[in-house]
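Visitor: Hi, could you walk me through a couple of spots in this one? Here it is.
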Amino acid sequence: MTAVVISGFPGSSETTGSTHSPPGQVKPPFHDDALLQANSSCAQSASEDVRITLTLRMVQKYCSPVRVYKHPFEMVMAAYERRFPTCPLIPVFLDSEVLSDAWSEDGAVHTVQRSCKLSVDAPRLLKKIAGVEVVYFIQKNTLNWRERTLLIEAHNETFSNRVTVLETCLYSVHPDNESWTCFEQSASLDIKSFFGFESTVEKIAMRQYTANIKRGKEIIEYYLSELISEGVTEIPRWTPPLQPPLSSDPYTIAALTSTELRTASSSDISLGAGSTEPAEGDKLDAEYIERFLGRLTPIQESCLIQLRAWLQQTHRGKIPKDEHILRFLRARDFNLEKARDMLCQSLSWRKEFQVDTILNSWTPPSYMQEYYAGGWHHQDREGRPLYILRLGQMDTKGLVKALGEEALLRHVLSINEQGQKRCEENTKIFGRPITSWTCLVDLEGLNMRHLWRPGVKALLRIIEVVEVNYPETLGRLLIVRAPRVFPVLWTLVSPFINENTRQKFLVYSGSNCLGSGGLVDYIHSEIIPDFLGGDCLCEVPEGGQVPKSYYQTEVELENADHIRLWTDTIYQSAQVFKGAPHEVMIEVVEESSVITWDFDILRGDIVFNIFHSKRTPLRKETSTALPELNSVQLIDRSWTLGVDYSMVESPLTCREGESIQGSHITRWPGLYILQWKAYGSTPSRADDVTPSLPGSAHTSKLMYYTELLASHDFRGSMTSLESCHSGFSQLSGGTTSSSQSHGSSFISR
């Protein structure tokens, strides 16, 4: 079964008909041509009298951002009515029939159910195969005047046993400004079978939908403008009637008379502030996306919203900023599953090596600042931060021998962290989304000494780490004064660079970079560095040969303070096999001590348990090819639960990609065992070697940290606070603690 993510379908309030039409007046349920065409193309995708069973099944989902109308709910509903009974902007809508029409006793809630007839807009061949020219949808609209909401639910009636189209949409009052109206929708398309043409039907739906998805809002805006041009700028809100309304003459917007409409001055309506960056956990609105993230297609918006929602559920308290999530989606062509895996691995990497604190904790040695010929220099024509690297003037061999590969990597990571912060600052300065930077690399002086093997090895490792953890941060790479040896270096490094990244490279040889079609096309002439012939004084270090007096031995490099801070980590890694859990023992001397944990599930699903042991366990290791990933078993199979050891917490099932933090307040001193076992695993036989095979399909992997604290130290401990909050300081807009109480403990996801 194949799962594919796409977009929305017919029933939306952006696409469906009125729920408050006068009795006997037929209203069409859709107003977006693209949605109608998408629905028509998908719904006709099978014939009722043909029996074909296919193993391929496509399930496509769409979630919209919140779209905001800067008008009151009542005005939007009045505009909504004006599209009907006919609307020239919806040519595929043919007819509709009211199946039921009901009002609540006080007239506050109006529910209408309709059968809607649409023409089929699809290739003639598909029409012949389906044997239909029109399709039908059932749409239910529930208008609640008291709550000021319009809920629309729609599904296809034609070929419902072969194609399932579902859509739920909502108009509601803006939570921060009651004079504005929000619209949001979610939809799904499930193509069960279509004579082998499932992919074709999917592509037709996607193409037609994405081409016109925002037309729905345009139609509402058109009728809002029409109302305002007629002098209608405010409509009274619904109030409970003194007497029950007559069922034969219900109150509807369509029946509003001129006496019920009055012109309001602009001072009567508060429009509030413009779109700002949403707080943690808030929904994304379309204006925020366009302002801070750029123009996205409907499918791209949907992918961002779905991945963001998944992270909020599994990584509470440490959600990366939206622009960071978007970078990973772009790096994987908006494939949700691939982007999620890539992002989760990167978040775990940042956490394990404490990358989030690098700007505060990393201070490069003074001689690195002198001999590392790179630095920030204004911005390019598009507002991207500009980083200049004089690679040809850099003594890569001397830097590696004086600093070591780890220090160079750490320095490059700090540059990338700076770049992300500069992008955020430039976004605010220039008033448009800036999510990447430009790098200008000067290769004058590059020669064979730069191809020193350990130096090339360090460069390749840096490229590899940056590629997987800072995707889509390089907007453009300008290489100037490339010498003849450059093709050799390019042959070595290009295989390690992503194809999308390679397409951003522009190479200029000799001194032709200042002419037409050169740097001035990308950088303002007044900031071209002086060493390239420009007029701008560049403060980037010139590099040069690193004195051999700075060289260190391998032992000295390994013991250097700045290296030890980087390589040491409080986290450990372990593999968990089917039937062979990983267990950690903690000895508690005083009751009411607090056991804290913080772990990430890197692969597979795992069940987490905490036990109190009455016996001293014997350590058993399940060996793997990597010693740091050994699985340790402490609970002997001869032990009896409830006799030799007891469970002190309910088991917690943890899914792949989730991040878990929590604590347990101990009731008794003694030995406690934290256990991670494969989800659904059963004890294996003593002679079963399958679990111990590296790379086994039954292997899960986690990264964990545990700590024992005295009760009075728990709240004040920095590590305990990290366990509770564990935020990404450079990536998160803010972090919150989200914990779930379990008696005397809490477990937060």
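Visitor: Which residue stands opposite Leu 386 in strand 12?
Guide: Thr 438 is the one opposite Leu 386. This is a predicted model, where local features need pLDDT of at least 70, side-chain atom pairs count only at pLDDT 80 or more, and totals for chains, interfaces and linings use all residues. Residues are numbered from 1 along each chain as its sequence is written, and side-chain values use heavy atoms, with hydrogens and water left out.

Visitor: What order do the five strands of the open sheet have?
Guide: The order is 10-11-12-13-14, with mixed pairing. Strand 10 (374-379) and strand 14 (505-509) are the edges, each pairing on one side only.

Visitor: Which strands does helix 13 touch?
Guide: Helix 13 (residues 405-430) packs on the sheet and touches strand 10, strand 11 and strand 12; contact means heavy atoms within 4.5 Å.

Visitor: New topic: where does Pro 669 lie?
Guide: Pro 669 is in the loop between strand 23 (659-665) and strand 24 (670-678).

Visitor: And what does it touch, leaving aside neighbours within four places in sequence?
Guide: Pro 669 is in contact with Val 588, Val 589, Glu 590, Glu 591 and His 612.

Notes. Pairing = 2+ DSSP bridges. Helix = DSSP H or I, 4+ residues; strand = E, 2+ residues; numbered from the N terminus. Axes fitted to C-alpha atoms, helices over the stretch in contact; angles between N-to-C directions.
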